[in-house]
Structure formats: structure tokens, C-alpha cells
Amino acid sequence: MKFQGSDNYVATQDLMLAVNAAATLQRPLLIKGEPGTGKTMLAEEVAAALDMPLLQWHIKSTTKAQQGLYEYDAVSRLRDSQLADIEGSERVKDIHNYIVKGVLWQAFTADAPVVLLIDEIDKADIEFPNDLLREIDRMEFYCYETREMVRAKHRPLVFITSNNEKELPDAFLRRCFFHYIKFPDAETMRQIVNVHFPRLQSELVNAAMKVFYDVRGLPGLKKKPSTSELLDWLKLLVAEEIPVSSLQSEEGKVSVPPLVGALLKNEQDMSLFEKLVFMNQRNR
């Protein structure tokens with residue numbers, strides 16, 4: 001099975017090649033790119049397109065690699081043993097009842113191949129990727145409590161996303177196929193907009209995209225607006241029935257677009273943009 005895009009996700013040719021290359025090599029696909037460029041959605045759409053179950057592991061700063069394998073609930077076992085009758089409890093005797101299977105265990109033991117998403121791996125501690133090296137590479141791990149080796153019935157199609165908040169270890173990178181999602185050019189962005197807003201007037205799309213790329217091109221922005229923010233902005237423009245004329249400006253004139261808070265997300269960028277507007281108007 002090869003991924004050839006979907007009706008809900010505009011995938012470039014090089015991105016489709018990366019997905020299929022990772023599947024052929026049986027390596028995790030490490031996806032990097034600006035926030036809002038569709039890294040997480042890619043795994044969801046590949047799973048849907050290939051008709052495979054999707055398991056998701058969203059990483060936090062406190063996430064440990066062991067949680068993806070399993071966790072032993074010793075507290076519950078102690079409580080149950082205290083509440084059991086004198087003769088004991090069959091449930092307490094079986095330690096398997098207190099093993100909480102993590103996402104990797106579920107993926108390894110699934111009856112059919114699954115898509116496994118490890119989302120925002122760079123949020124975790126720097127040792128997190130290293131702790132998963134053997135499991136990701138050999139598709140097996142040992143459960144000490146039950147004294148069993150858990151081996152993958154089928155190798156899952158693994159997607160790992162990163163926002164580049166931390167550098168990942170070289171040994172981990174060696175085990176992955178890498179792809180960087182470039183920010184969409186105007187033509188690709190237009191296709192993305194058409195997927196989400198197929199009936200939107202072309203005049204509004206053209207005006208909104210011009211404003212969007214002008215704002216994005218402003219030097220010195222702390223956070224440039226992303227694809228998801230453009231879609232949010234378009235949704236607001238339609239909901240508030242903002243006329244196209246409000247987005248259009250006289251040649252050479254810069255103005256603050258309506259609902260700009262959907263595009264700029266911090267006070268430094270708002271202040272920078274307002275200064276640009278003021279300087280532009282004063283120089284006219």
C-alpha cells in the first residue's frame with residue numbers, strides 16, 4: 001500500500017515519497033516543520049487513506065518513555081490486597097491485572113498493522129528518545145513484572161513529529177527517515193484553502209492570502225502566522241461577513257487587517273506591525 005494523498009490533506013509529491021520511503025525501509029518517519037503545517041494531521045490522514053487503525057501518543061514535558069511501554073499499578077494492587085478477604089483474592093494474585101499497557105505495547109500486539117503517532121517528541125526530556133532506541137529499532141521490549149518479552153506482531157508505521165524545541169540524539173536520528181515540511185507556497189496554500197473552504201469566493205481568498213503573506217513576510221516577527229492560523233482567519237472573515245474591500249488597500253498603503261488577532265499571537269508582533277502601519281502612513 002502506498003500513500004497518495006487524500007481529499008482532506010494536500011500532500012506535496014516529496015512528502016508522499018517520504019511517507020512511502022519510511023514504510024519501505026520500515027523506519028519511523030521523523031517530521032519537522034513550523035507549528036501549524038499539518039505534521040500531526042499527516043499521520044491521521046495516512047491512517048485513514050490506508051485504512052489502518054491510528055494510535056496516538058501526545059508527548060508532554062513530564063512524559064517518560066516507560067509510559068509508552070507499560071506502567072505497573074502497584075498502588076492499586078496494594079489497595080486490593082488490603083481489601084481482600086483472609087483467603088486472598090484471585091485478582092491480586094495475577095500481576096497482569098495491574099499492568100497498564102502503553103501505546104507501544106498496544107501497537108506491537110495489535111492484530112493488524114497500525115499507524116503510530118508519537119507527537120511532539122521534542123517536548124520531553126533529552127533522554128526520552130534514547131530510552132526508546134531499542135524498542136523503536138528492534139520492535140520488542142521486556143516486561144520485568146510479568147517476565148515476558150513483548151514482540152511486535154506487525155511493524156507499525158511510525159510517525160514522529162518535532163517542532164525543533166530540542167535537538168534529538170544522533171543515534172535516534174540514524175534510525176529514522178527524515179522529512180521537513182516546507183511552508184506552503186501560494187499555489188499549494190490555495191489548494192489547502194480550497195479543501196477547507198471549497199465554496200469560498202476567489203476574490204476573498206486572493207485578498208486574504210495577499211494580506212497573510214504580507215504579514216508573514218514582515219521582518220522581525222517573533223511568531224509568523226501559520227497555515228492553521230490562515231484557516232482560522234478565513235473562517236472568522238466568513239462568519240463575521242467581512243467585505244473584501246476591508247482587506248484591500250490602496251497601492252503602497254499598509255493597514256491593520258480586520259481580526260488580525262487570528263494571525264498575530266503576541267504583543268511584540270502586534271506592536272511591530274502597528275509601528276509599520278504608522279510609519280507607512282506618515283511617509284505618504
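**Close-up 1. S162 and the residues it touches.** Leaving aside neighbours within four places in sequence, S162 is in contact with L30, I31, K32, G33, K39, I121 and D122; contact here means heavy atoms within 4.5 Å. You'll find S162 in strand 8, and strands are DSSP runs of E with at least two residues, while helices are runs of H or I with at least four, all numbered from the N terminus. S162 counts as buried because its relative accessibility is 0%; the cut-offs are under 20% relative accessible area for buried, over 50% for exposed and in between for partly exposed, using a 1.4 Å probe and protein chains only. A polar atom of the S162 side chain also sits 3.1 Å from the backbone nitrogen of N164.

A word on the model: it is predicted, so local features need pLDDT of at least 70 and side-chain atom pairs count only at pLDDT 80 or more, while totals for chains, interfaces and linings use all residues. Residues are numbered from 1 along each chain as its sequence is written, and side-chain values use heavy atoms, with hydrogens and water left out.

**Close-up 2. N20 in helix 1.** Helix 1 covers residues 13-25, and N20 is part of it. With a relative accessible area of 13%, N20 is buried. Not counting residues up to four places away in sequence, N20 touches K2 and F3. A polar atom of its side chain lies 2.7 Å from the backbone nitrogen of F3.

Close-up 3. Strand 6 (residues 140-143) runs antiparallel to strand 7, and four bridges join them; two strands pair if DSSP finds at least two bridges between them. C143 has E148 in strand 7 as its bridge partner. Four residues lie between the two strands of this hairpin, and R147 in the turn has a positive phi of about 55°. M149 belongs to strand 7 (residues 148-151) and, at 31% relative accessibility, is partly exposed. Together with Y142 and Y144, M149 forms a nonpolar patch on the surface, with about 330 Å² of accessible area in all.

**Close-up 4. D111 meets K153.** The structure holds ten salt bridges, each a side-chain nitrogen of Lys or Arg within 4 Å of a carboxyl oxygen of Asp or Glu. One of them joins D111 and K153, with the closest N and O atoms 3.3 Å apart. D111 sits in the loop between helix 6 (103-109) and strand 5 (115-119), and K153 in the loop between strand 7 and strand 8 (157-162), so the pair ties together parts that are 42 residues apart in sequence. D111 is exposed at 66%, and K153 is exposed at 52%.

**Close-up 5. E229 and two lysines.** K223 and E229 form a salt bridge, their closest N and O atoms being 2.8 Å apart. E229 also meets K265 in a salt bridge at 3.4 Å, N to O. E229 lies in helix 12 (residues 227-239) and K265 in the loop between helix 12 and helix 13 (267-282), so this pair ties together parts that are 36 residues apart in sequence. E229 is buried at 6% relative accessibility, whereas K223 is partly exposed at 29% and K265 is partly exposed at 43%.

Terms used: Patches are made of residues with over 30% relative accessible area and no salt bridge: like charges are joined within 9 Å, nonpolar side chains (Val, Leu, Ile, Met, Phe, Trp, Tyr) within 5 Å. Accessible areas come from the Shrake-Rupley method with a 1.4 Å probe; for residues, only the protein chains shown count as cover. A polar contact is a pair of N or O atoms within 3.5 Å; within protein, one must be able to donate a hydrogen and the other to accept it, and residues adjacent in sequence count only if both atoms are side-chain atoms.
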